[in-house]
Amino acid sequence: MASSSHFICTSCDYRSAKWLGRCPSCGAWETMTEREARPRGVATRAKRIEATPFPDITGSDAQRASTGIEELDRVLGGGLVAGAVILLGGEPGVGKSTLALQAAAAMAAAGRRVLYVSGEESAAQVRRRGERLDVTSAELLVAAETDVGAVVAGARELAPVLVVVDSIQAVRCAEIGSLPGSVAQVRESAGRIVELAKSSAIPVVLVGHVTKEGTLAGPRVLEHLVDVVVQFEGQRHHAHRVLRALKNRFGATDELGVFRMTDRGLAAVPDPSELFVGQRPVGAPGSAVLPAIEGSRPLLLEIQALVGEPTQGTPRRSAVGVDSNRVAMILAVLQRRAGVDLVQRDVFVNVTGGVSVVEPAADLAVAAAIASSASGAALPDRWVVAGEIGLTGEVRAVSRTDARLREAARLGFDAALVPESSPTAEGIERIPVRRLDQALERLLG
Ligand code: TYD
Ligand code: MG
């Protein structure tokens, strides 16, 4: 029988019978590549699968190696798993190379060999950065290399406990014609590195640049290829950085690591709640404190809102750190169920410190900050606010109130406005509420 060929998009695996300039599925240009299909009717010899009785399966309690950086270990779910491929993403300048080098150096300082492949900077540049970070270990091997074949061969020969590739957009596979950073290159290079990690059990950290829009430059497929995706976030003019897991085959994805960029590299922030609410204005309208849960940790965050004077044109609405759709819903509920007039008024909402909150437990704090700014009255000074808001104006239960309240009590807060069903906690007064209007009445009088 005749063999036929088809075309596959190297970005999203879309298949087509004919060549197309642009992939109709993901919209990428010139990613359709031809594949020979196996001639139909030719049987291949089937490989026998190996099936193991469930209790005999070993290796389920994956051994984890510490990176020497506690915050990073936590985000990874307890350290590095053998053969794991970790994608460390972030905008240029956020500190990815610094974090990767610090982890590499910490492992090397413990007497274990680490290979740091720099595709963007010369070895001398890496050394200059390392000197600021007090790197001295001879177990840290630095290679300025962009050829992925050389990286893979080098890693096999040197057998390090960790390989860092900085960055995946800078390396290239000689067999592929396209430029470094192109979809095909990134995909193929990452594929080769994943193969190395899986066959050698060496964990690999791939540094990847993220564009302003928040997507990884290069193909989305990278996220599917790797085991763990961690994102390094921060605002340009803020010293602190938040590391979070977006995907983790070996652990939870909601862990958070908080760092501060100093002139000697990244330092862990041991008490992030203190950092985020420590500088809060006292007695100012438009500020509410949310006892959030980020990963396994409670974390106090300040939510600020500013409501403008009525305007003629279309009012502006902007939200940083909270989902703007969620804010739109809260505005509608405030208007309809709590009588807060927001029509024709600008509304700005911001989570201070450059942190993002995704949990609905933030609703009530967002609503309280907006209502406070609209009315010009400040919330009680040492109160925290948590609760999900429903469309009928009801305040719904949130998870782990006890942990939230303990954290608030630890930082000296006196009272917590929380959904009715919430349990009490020691050291802090619990003020249960059922409805948004009732909550605002308690908060703003
Ligand atoms: P870098 O790790 O190069 O970022 P990325 O790899 O994500 O592009 O670091 C970026 C910034 O951090 C750079 O502006 C310099 C600053 N920096 C410090 O403030 N202190 C330090 O000790 C180091 C190494 C860098
Ligand atoms: Mg870098």
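The second largest pocket draws at least two lining residues from each of α2, α3, β10 (204-209) and β13 (256-262). This is a predicted model: local features need pLDDT of at least 70, side-chain atom pairs count only at pLDDT 80 or more, and totals for linings use all residues. Residues are numbered from 1 along each chain as its sequence is written. Helices (H or I, at least four residues) and strands (E, at least two) are DSSP runs, numbered from the N terminus.

The pocket's volume is about 270 Å³. Its lining comprises 18 residues. Gly95, Ser97, Thr98, Arg129 and Met261 lie nearest the centre. Lining residues have an atom within 4 Å of a pocket grid point.

| Lining class | Residues in the second largest pocket |
|---|---|
| Nonpolar | four |
| Polar (Gly among them) | seven |
| Charged (Asp, Glu, Lys and Arg) | seven |

Now helix α3, residues 123-132. Val126, Arg129 and Gly130 are buried there (under 20% relative accessible area, with exposed over 50% and partly exposed in between, 1.4 Å probe, protein chains only). Down the axis of α3, the buried residues fall within an arc of 100°, so they line one face of the helix. The face turned away from that side carries exposed Arg127 and Arg128. The buried residues pack against α2 (96-109), β7 (114-118) and β8 (140-144). Just after α3, Asp134 has a positive phi of about 60°.

Leu225 sits in helix α6, residues 221-225. Its relative accessibility is 27%, so Leu225 counts as partly exposed. Beyond neighbours within four places in sequence, Leu225 contacts (heavy atoms within 4.5 Å) Arg187, Ala190, Gly191, Val194 and Arg249.

How values were computed: Chains are lettered from A and ligands numbered from 1 in the order in which they are written. Side-chain values use heavy atoms; hydrogens and water are left out. The arc is that of the directions from the helix axis to the C-beta atoms. On a 1 Å grid over the protein atoms alone, a cavity is a set of points where a 1.4 Å probe fits but cannot get out, and a pocket is an open set with protein on both sides within 12 Å along at least five of seven lines; lining residues have an atom within 4 Å of a point. Grid points are joined across faces, edges and corners, and a volume is the space filled by probe spheres set on the points.
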